[in-house]
Amino acid sequence: MGFGAGALLAAVAGSARAQAVSPSASEPVIPLPSEAPALDAPACPVSSDSLVLAGDGLLRSRMAVEAGHLTILAIGSSSIEGIGASRVEFGFVPLLQADLQQRLTDISVTVINRGRGGETAWETANRLEAEIAAYKPDLVIWQIGTNDILRARPWSAIVSDLHRGSAILGQAGVDVLLVDPQRLPEDANNVNFGQMNAPLAETARLIALEGSRIGYAVQRRFEAMRGWDRLTRGGVGPDGLHLNDEGYACWAALTAETLAQALRPDATSKTSKQP
């Protein structure tokens, strides 16, 4: 079973070569771009607990899928914007839209990129109302926490911003998928980044707890990145902070696979199998 984001990435790069992989039934994988080293094990494993659902928090999105059109607003900081990708089309949002479309073939999928590099939860919450009014999404993907921790903002400030944003999201009646912080390479050139994984992990834990309490779906990105050791630099670029092409492809595929299954259980990755 292969992931469409990797295939798309290779195709856009002008390559028809697919990686030879032998995934297990429980660990689907994506083929990596042609310039990536050959892998002898799943490069991007997906586990069912990478997406934590709370109650019926994706009801509006399921109804949108049934109606034939799903609109997603992706908001947050640099990893939503796509900073670090070698080309715009190699970022998270373009790959997520393509991957979801491959899985939900009979509906129209639109994913809107409203990421802004360097943004904290406070800044995102400040513009949520205007962004929702402009794009009228069914689902908001809110990537939260990384910049807050890198700027030493306390959890009390982050959760206050989350609650402020939650009030806006609730009034709009949209579904929400929170994406927790990313994992940083322990051997990054900037030693300060490597030392941040402990507070990033704790923030990810707290986001999962608070998101579940509110009733949001939560993507456990920090934990998922533990399995990215076969990606170049663990999916993170040479600056030790922003994702690289492989990291974006893996994250987009992980999101599409688990989200499609949550929105419509019959939507499997069979449409993106590699020969």
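This is a predicted model: local features need pLDDT of at least 70, side-chain atom pairs count only at pLDDT 80 or more; totals for chains, interfaces and linings use all residues.
**Figure 1. Overview of the protein chain.**
The protein chain has 275 residues, and 55% of them count as buried. Its secondary structure consists of eleven helices and six strands. Among contacts with a separation of 6 or more, 75% are between residues 24 or more positions apart.

**Figure 2. Close-up of helices α7 and α9.**
Two packed helices are described by the angle between their axes and the distance between the axes. Helix α7 covers residues 155-172 and helix α9 covers residues 197-214; their axes come within 11 Å and cross at roughly 30 degrees. Because angles under 35 degrees count as roughly parallel, α7 is roughly parallel to α9. The crossing of α7 with α9 is right-handed. On the α7 side, the residues in contact are Trp 155, Ile 158, Val 159, Leu 162, His 163 and Ser 166. They meet Thr 203, Leu 206, Ile 207, Glu 210, Arg 213 and Ile 214 of α9. Sorted by class, this contact has seven nonpolar, three polar and two charged residues.

**Figure 3. Close-up of the largest nonpolar core.**
In soluble globular proteins, nonpolar side chains tend to be buried together. The largest nonpolar core here has 41 residues, and those touching the most other members are Ile 72, Phe 92, Leu 96, Leu 100, Trp 228 and Trp 251. At least two residues of this core come from each of the helices α2 (59-67), α4 (92-103) and α11 (245-263), and from each of the strands β2 (69-76), β3 (108-115), β4 (139-143) and β5 (175-179). Helix α11 gives the largest share, ten residues. A second, separate core has 28 residues, including Ile 132, Trp 142, Leu 178 and Tyr 216.

**Figure 4. Close-up of Trp 251.**
Trp 251 is one of the residues that touch the most other members of the largest nonpolar core. Not counting residues up to four places away in sequence, Trp 251 touches Ser 79, Ile 80, Phe 92, Val 179, Gln 219, Arg 221, Trp 228 and Leu 243. Of these contacts, Phe 92 and Trp 228 are also listed among the core residues with the most member contacts.

Ser 50 is in the loop that runs between helix α1 (4-12) and strand β1 (51-52). Its relative accessibility is 4%, so Ser 50 counts as buried, the cut-off being under 20%. Apart from neighbours within four places in sequence, Ser 50 is in contact with Val 218, Gln 219, Arg 220, Leu 254 and Thr 258. Gln 219 is also among the residues touched by Trp 251.

Terms used: Residues are numbered from 1 along each chain as its sequence is written. Side-chain values use heavy atoms; hydrogens and water are left out. Axes are lines fitted to C-alpha atoms, for helices over the stretch in contact, and angles run from 0 to 180 degrees between N-to-C directions. Helices (H or I, at least four residues) and strands (E, at least two) are DSSP runs, numbered from the N terminus. Angles under 35 degrees count as roughly parallel, over 145 as roughly antiparallel, 65 to 115 as roughly perpendicular and the rest as oblique. A crossing is left-handed if the near helix is turned anticlockwise from the far one by less than a right angle, and right-handed if clockwise. Contact means heavy atoms within 4.5 Å. Ala, Val, Leu, Ile, Met, Phe, Trp, Tyr, Cys and Pro count as nonpolar, Asp, Glu, Lys and Arg as charged, and the others, Gly among them, as polar. A nonpolar core is a set of buried Ala, Val, Leu, Ile, Met, Phe, Trp, Tyr and Cys residues joined through side-chain atoms within 4.5 Å. Buried means under 20% relative accessible area, exposed over 50%, partly exposed in between (1.4 Å probe, protein chains only).
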